[in-house]
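I opened my notebook to keep track of what I looked up, entry by entry. Please follow along with the structure in view.

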Amino acid sequence: MQLRIVHTTTFEYDGKASASVNQARLTPVTSPEQILVHSRIEVHPAPYTYEYRDYYGNAVTSFEIMEPHDQLTVTATSTVQTEPHHHLDHHLSWADMAAWDVSDRWAEFLFLPDLVAPSEDFATRVKDAGGAAASPADAVAAVAALVRGEVEYLPGSTGVHSTAAEVWAQRAGVCQDMAHLTIGGLRSLGIPARYVSGYLHPAPDPVVGLQVTGQSHAWIEWWDGAWRAVDPSQDAAMDERYVTVAVGRDYTDVKPLSGIYSGSGSSTMTVDVQITRLS
């Protein structure tokens with residue numbers, strides 16, 4: 001499946017910003033499940049830009065504007081050829097998962113900072129659901145099902161700084177929150193897990209040529225001898241509608257846009273994502 005994504009973010013400043021410095025993680029990766037055919041990031045006003053790969057291999061466009069401006073618009077246009085997700089025949093055992101070459105190699109994906117750390121209640125539920133599973137793969141399925149079954153998908157119920165413990169307490173959140181909950185649960189079982197940001201075409205069977213409104217999406221990957229993806233917010237297998245942009249320990253590593261500005265008291269952000277199946 002070939003998808004075109006147009007992701008536009010606009011900042012309106014209260015007054016004028018005298019300068020701004022930003023980082024954009026809006027360029028999809030090339031992986032066994034997808035090929036980046038084309039990507040372009042346009043910024044207005046015209047900035048100085050610098051591109052690099054961060055620690056996790058994500059494509060970053062850094063840009064700065066050193067002139068007064070009352071609006072900043074960033075438009076990322078990408079065309080991606082997606083393929084069916086590969087299913088591994090072999091899975092790691094619990095003994096494999098506890099081995100030094102896994103626990104040491106992926107130590108940063110086993111750490112439990114506040115953003116993903118499970119509450120005592122959730123940790124107990126995770127242990128009951130996944131701790132007795134025959135294999136880590138079975139535990140991942142059980143924890144993802146626990147999160148999906150207990151947490152209502154409710155836009156506006158949380159913010160980008162909401163912690164997994166807060167989300168579990170209120171039993172409501174969005175895909176970012178469900179990803180953080182699942183990551184914390186898996187790490188508490190000794191399973192390395194990481195956060196994935198990207199896009200998901202909202203239609204089960206996308207119509208070729210039809211542009212639809214979408215949004216950024218989040219899911220997780222866990223280590224099973226290779227990184228395997230699972231979406232805690234969707235009760236369906238990962239398919240060609242998914243486009244991966246960036247990976248990290250949690251949302252703070254993969255923010256689509258981050259930066260600072262000076263000279264204005266406040267700003268308002270609007271985001272628009274349009275997705276079209278091309279073939």
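**Entry 1: A buried tryptophan**

I started with Trp 219, which counts as buried at 1% relative accessibility. Buried means under 20% relative accessible area, exposed means over 50%, and partly exposed lies in between (1.4 Å probe, protein chains only).

Before going on, I noted that this is a predicted model, in which local features need pLDDT of at least 70 and side-chain atom pairs count only at pLDDT 80 or more, while totals for chains, interfaces and linings use all residues. Residues are numbered from 1 along each chain as its sequence is written, and side-chain values use heavy atoms, with hydrogens and water left out.

**Entry 2: Aromatic pairs**

How many aromatic pairs does a search of the whole structure find? I got 12. Rings of Phe, Tyr and Trp (its six-membered ring) pair if their centres lie within 6.5 Å; planes under 30 degrees apart count as stacked, over 60 as edge-to-face and the rest as tilted.

I picked Phe 109 and Trp 227, whose ring centres are 5.5 Å apart with planes at 80°, so this pair is edge-to-face. Phe 109 sits in the loop between α2 (100–103) and α3 (120–131), and Trp 227 sits in strand β12 (residues 227–230), so the pair ties together parts 118 residues apart in sequence. Helices (H or I, at least four residues) and strands (E, at least two) are DSSP runs, numbered from the N terminus. I also looked up Phe 109 for burial, and it is buried, with a relative accessible area of 3%.

Next I went back to Trp 219, which pairs with Tyr 242: the ring centres are 5.0 Å apart and the planes are at 80°, so I wrote down edge-to-face again. Trp 219 belongs to strand β11 (residues 216–223) and Tyr 242 to strand β13 (residues 242–248), so this pair ties together parts 23 residues apart in sequence. Tyr 242 counts as buried too, at 4% relative accessibility.

**Entry 3: A charge over a ring**

Which residue lies over the face of Trp 168? I found Arg 171 there, at 3.8 Å from the ring centre. A charge sits over a ring if NZ of Lys or CZ of Arg is within 6 Å of the ring centre and within 35 degrees of the ring normal.

**Entry 4: The core and a helix**

In soluble globular proteins, nonpolar side chains tend to be buried together.

Leaving aside neighbours within four places in sequence, Leu 181 touches Phe 122, Val 147, Val 151, Ala 164, Val 167 and Trp 168.

Helix α6 (residues 175–188) was my next stop, and 13 of its 14 residues are buried. After α6 comes Gly 190, with a positive phi near 85°.

**Entry 5: Salt bridges**

I searched the whole structure for salt bridges and found 11. Each is a side-chain nitrogen of Lys or Arg within 4 Å of a carboxyl oxygen of Asp or Glu.

One of them joins the side chains of Arg 125 and Glu 150 (2.7 Å, N to O). Arg 125 is in helix α3 and Glu 150 in helix α4, 25 residues apart, and the pair links distant parts of the chain. Are these two buried or partly exposed? Arg 125 is partly exposed at 28% relative accessibility, and Glu 150 is partly exposed at 30%.

Arg 194 and Glu 221 also meet in a salt bridge (2.7 Å, N to O). Arg 194 is in strand β9 (residues 193–200) and Glu 221 in strand β11, 27 residues apart. Arg 194 is buried, with a relative accessible area of 14%, and Glu 221 is buried, with 11%.

Definitions and conventions. Contact = heavy atoms within 4.5 Å.
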